[in-house]
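This briefing covers one protein model, with attention to its salt bridges and to a nonpolar area on its surface. Please read it alongside the sequence and the coordinates.

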Amino acid sequence: MLRTYLIAALEVFDLILLAYFLTINTIYLVFSVVAYLKLRHHRRRWTSRELGAVMRSPATPGISILMPAFNEAANVADSVRSMMFLNYPQYEVILVNDGSTDDTLAQVVEAFELVRAPVSHKEAVKTRPVRGVYRSLTGQDLTAIDKENGGKADAINAALNVARYSLVCVIDADSVLEEHSLTRAVLPFIENPLTVAVGGIVRLANGCRIDQGRVVDVGLPTSHLARFQVVEYLRAFLAGRVALSLVNGLMIISGAFGVFKREAVIAVGGFRQDTVGEDMELVTALHRYYRDARKKYRIVFQPDPVCWTEAPETFRGLARQRDRWQRGTLQVLSYHRKMFLNPRYGLLGMLVMPYYVIFEGIGPIIELAGYLLTILAVSFGLIDWKFAELLFMVAVLYGTMISLASVILEEVSFRRYPRLSDLLWLSFYGVIENFGYRQLSTLWRVRGVFRFLGGNQSWGKMTRKGFGNA
C-alpha cells in the first residue's frame, strides 16, 4: 500500500516537474522569437548619421555617471579611464569609494591627479557620512567621493546627491563602457519623454583585450566557467529582456549599466539599502510608484549600448554571486508582494511577477528536488524509463535548443564575436551547460533560498583579477 501511494505521489510530482520545464523553456522560446523580430527592426532603426545628429543636438540631456566602488583597485583606473573616452556631448563622472580597505581611492587620485575640494550639495537621499570630495586637476569632469562604508546602494545614493544632470547612469567600477554606449542608451529618453529608465546589455570582458579603458579585441574567455556565463548572459539579455521590454514588463536593469531619470530615482527614495538586489528593487519600485500614481511611464531595454564587465572564474566566486542574486530576487519579491496577481499593476502584476515567483524564486527548489527524486525513482523502478526519457528531453534537450537560439540571436544581431571558432565554441557550451553546469547553478541558487529564509543579507566577496589579466 505504501509503495502504491509513493508511486502515485512521484507520478504527480513528475508531472508537475514536466509542466515546469515545458513551460519555462517554451517561455524562453517565445522570448527568442519575439527578440529575433525586435532585434532585426532595431538594427535598422538608427543610422550613424542619426546618431551624429543626437550628438550635436542641444536638446540631448546631460548625464551623471555614478560609479560605486568597494575594493576595486584591480580595475578602477581602467574603468574610470574608459569613461573619459565616451563619445557624448555633456557628462560627468562621480566615483564613490565606499570605505574600501584596499587602495581603490589612491589608484584614482594618482591616475587622474585628484585633489581634495570643498563641495556643498543638497542631501536628497540620506547616506552614511562623506569623509571627503576630490576633483581632478586635469580639466576632466571627474569627482571622487570618499565615504564610510554603507554598501553599494548607499554609495550610489551618495553619488546621486552630488549629480548635476537630469539623467544618471549607474555603472559598476569593475566595468567598461563602449565609446557610443551613452549615445545609444539616451535614445529612448529622446524618443519618448515618458521613459524613466533604460538598461543596456552587459557582456563579459573575460578573454577580451582592453587597452587604456577600451575593448580593442573581443574574444572568448579561456575559463570554462566564464564561457558558460557568456551563453547565460546572451540568453538573459538578448532573449528575456528584449521581449519583456516590449510589454513594459522589465523588472530588472543590471546594476552594471543602467540610465535613470534622477528625479524618478529620488521620488522612490533612491536605491534601497536593506537588500543585495538593489538594482532589481529600484526598477520594481519605479513600476509600483508610477502605477500607484496612475502615471504613464516606460522602462526600456536597449540591446546595443554595451557594458563590459568581469565575471567570476572560480567556483567559489560564481557560487557567491548566484547565491547573492537569488537572495536579492527573493528579497525584492517579498518587499513588493502586494503587486503579485494584482490587476492594478497590469501585465507586470498578473504575468511577470508570477513568472519571477515560480521560475526565479522557488524554481531552483523545484528543479533540484526533481533531479534527485527522478534519479531515485528510476533507480528503484518507481517510474518507467519512458517517462524519464520524456522528462530528459523536455528539461535538457529543449533547454539546449534555447541556449543555441541565444547564440543564433547574437550572430544575426550584433556579431560581437566575429570569429567562427568563437560561435562554434559558444554553441558547444550552450549544449553541454545542460549536463552539469545548470544543475550546479541550481544548487547554488537553492543555497541562496535557504540563506534568504535564514535572514542572511551579506554581500559576499568577489576577487577581481583585473582586466589586464582577465
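The structure is a predicted model, in which local features need pLDDT of at least 70 and side-chain atom pairs count only at pLDDT 80 or more, while totals for chains, interfaces and linings use all residues. Residues are numbered from 1 along each chain as its sequence is written, and side-chain values use heavy atoms, with hydrogens and water left out.

**Salt bridges**

- A salt bridge is counted where a side-chain nitrogen of Lys or Arg is within 4 Å of a carboxyl oxygen of Asp or Glu; the model has 25 salt bridges by this rule.
- Helices (H or I, at least four residues) and strands (E, at least two) are DSSP runs, numbered from the N terminus.
- R235 and E433 form a salt bridge through their side chains, at 2.7 Å from N to O.
- R235 belongs to helix α8 (residues 224-246) and E433 to helix α15 (residues 420-453), so this pair ties together parts that are 198 residues apart in sequence.
- R272 and D274 also meet in a side-chain salt bridge, with an N to O distance of 2.7 Å.

**Burial of the paired residues**

- Residues are classed by relative accessible area: buried is under 20%, exposed is over 50%, and partly exposed is in between (1.4 Å probe, protein chains only).
- D304 counts as buried because its relative accessibility is 10%, whereas R184 is partly exposed at 24%.
- Both R235 and E433 are buried.
- R272 is partly exposed at 30% relative accessibility, and D274 is partly exposed at 33%.

**Nonpolar surface patch**

- L246, V247, F340, L341, L347, M350 and L351 make up a nonpolar patch on the surface, with about 620 Å² of accessible area together.
- Patches are built from residues with over 30% relative accessible area and no salt bridge, joining like charges within 9 Å and nonpolar side chains (Val, Leu, Ile, Met, Phe, Trp, Tyr) within 5 Å.
- Accessible areas come from the Shrake-Rupley method with a 1.4 Å probe, and for residues only the protein chains shown count as cover.
- Helix α12 (residues 346-361) supplies the largest share of the nonpolar patch, 3 residues.
- L347 lies in helix α12 and counts as partly exposed because its relative accessibility is 45%.
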